[in-house]
Amino acid sequence: FADVDPVTGLLDPQAVSELINDRTRIIVPVDYTGQPADYHAMRTVIGDRPIALIADAAHSMGATDNGRPVGTLADLTTLSFHPVKPITSGEGGAIVCSNDAWDTHMRAFRSHGIARATATENQTEPWRQEMTLLGFNYRITDIQCALGKSQLGRLHEYIARRGEIACKYFGGLRDIDSIALPGLRENTTSGWHLFTIRTLRDTAHRQALFHKLRSLGVGVQVHYEPVHHHPYYQSLGYPKDRCPNAVDFASRVLSLPIFPAMTNEDVAWVVETVHEAVRALE
Ligand SMILES: *Cc1c(COP(=O)(O)O)cnc(C)c1O
């Protein structure tokens with residue numbers, strides 16, 4: 001695990017460069033909250049080493065970096081279509097890549113490693129289906145795809161609305177001294193999957209804000225606990241103080257509601273209620 005930038009929560013290219021060694025095979029930045037990570041800087045760090053760059057774009061489908069869309073920034077880009085994500089197919093996801101060999105491999109891998117010979121490849125034995133590698137069943141159903149395709153047409157409408165809500169939060173919350181608003185990377189657009197504030201006081205203040213806002217009816221949440229603090233990674237022996245920026249960020253962060261169906265009245269009410277909660281805890 002490499003540490004994150006303390007303001008954006010995105011993987012820090014410098015931290016990555018300090019951890020790269022001969023055993024490094026892939027680097028997987030997470031586009032946390034919907035902002036693309038700095039893939040350009042990651043490529044500079046990788047140089048000509050045989051290391052693949054995989055974007056976890058579960059939050060950021062539809063976002064851009066210098067006008068280039070998510071899906072074109074890394075070697076492979078993984079998307080999630082879980083119901084809470086930018087668009088949904090009920091469950092499932094997709095991987096985007098521009099490398100024919102990987103595309104062929106993944107298409108076989110998701111279907112028991114079976115590559116069906118096309119009629120043009122084998123005209124004498126067109127029935128032939130060959131298992132070429134050890135794969136699994138990772139197929140999405142046609143019914144899910146039908147939902148996903150109709151959702152795809154609404155992606156930009158959804159993101160535009162999320163952006164409007166984020167804008168209202170920035171305007172409405174900027175005068176609260178004890179909280180920081182999301183740190184933004186220059187020349188990027190965000191999918192605004194999450195809108196996260198950070199307390200500038202301490203983790204006890206975050207906890208008090210969480211409970212106060214919940215009691216006032218605002219569905220705040222914490223995204224996320226640092227991955228290496230989860231029991232599984234703890235059982236592998238990762239020290240808890242590894243990645244201090246991520247640990248500190250996680251101790252302060254709080255997500256406010258953001259979803260396309262929120263009305264302007266909903267947003268204004270959340271803004272007002274955050275002010276009320278902050279005042280109550282002064
Ligand atoms: C939701 C999510 C995932 C997992 O997506 P699945 O569709 O459950 O596989 C991975 N990474 C991030 C950042 C996510 O938000």
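Okay, let's start with the cysteines: the disulfide count here is zero, taking a disulfide as a pair of cysteine sulfur atoms within 2.5 Å. Before I go on, this is a predicted model, so local features need pLDDT of at least 70 and side-chain atom pairs count only at pLDDT 80 or more, while totals for chains, interfaces and linings use all residues. Residues are numbered from 1 along each chain as its sequence is written, and side-chain values use heavy atoms, with hydrogens and water left out.

C145 is partly exposed, at 29% relative accessible area, whereas C243 is buried, at 7%. On those words: buried is under 20% relative accessible area, exposed is over 50%, and partly exposed is in between, with a 1.4 Å probe and protein chains only.

Now the whole chain. We have nine helices and 12 strands, which are DSSP runs numbered from the N terminus (helices are H or I, at least four residues; strands are E, at least two). The C-alpha trace spans about 80 × 45 × 35 Å along its principal axes. Of the 282 residues, 42% are buried. Take the contacts (heavy atoms within 4.5 Å) between residues at least 6 apart in sequence: 64% of them join residues at least 24 apart.

On to helix 9, residues 264-280. How does helix 5 run against helix 9, parallel or antiparallel? The axis of helix 5, residues 155-173, comes within 10 Å of the helix 9 axis and crosses it at roughly 30°. That makes the two roughly parallel, as angles under 35 degrees count that way, over 145 is roughly antiparallel, 65 to 115 roughly perpendicular and the rest oblique. The axes are lines fitted to C-alpha atoms over the stretch in contact, with angles from 0 to 180 degrees between N-to-C directions.

From helix 5, R161, I165, K168, Y169, G172 and L173 meet N264, V267, V270, V271, V274 and H275 of helix 9. That contact divides into seven nonpolar, three polar and two charged residues.

Then there's helix 6, residues 203-215, whose axis also comes within 10 Å of helix 9's, crossing at roughly 130°. So helix 6 is oblique to helix 9. Here L209, K212 and L213 meet T273, V274, A277, V278 and A280.

How values were computed: Nonpolar A, V, L, I, M, F, W, Y, C, P; charged D, E, K, R; others polar.
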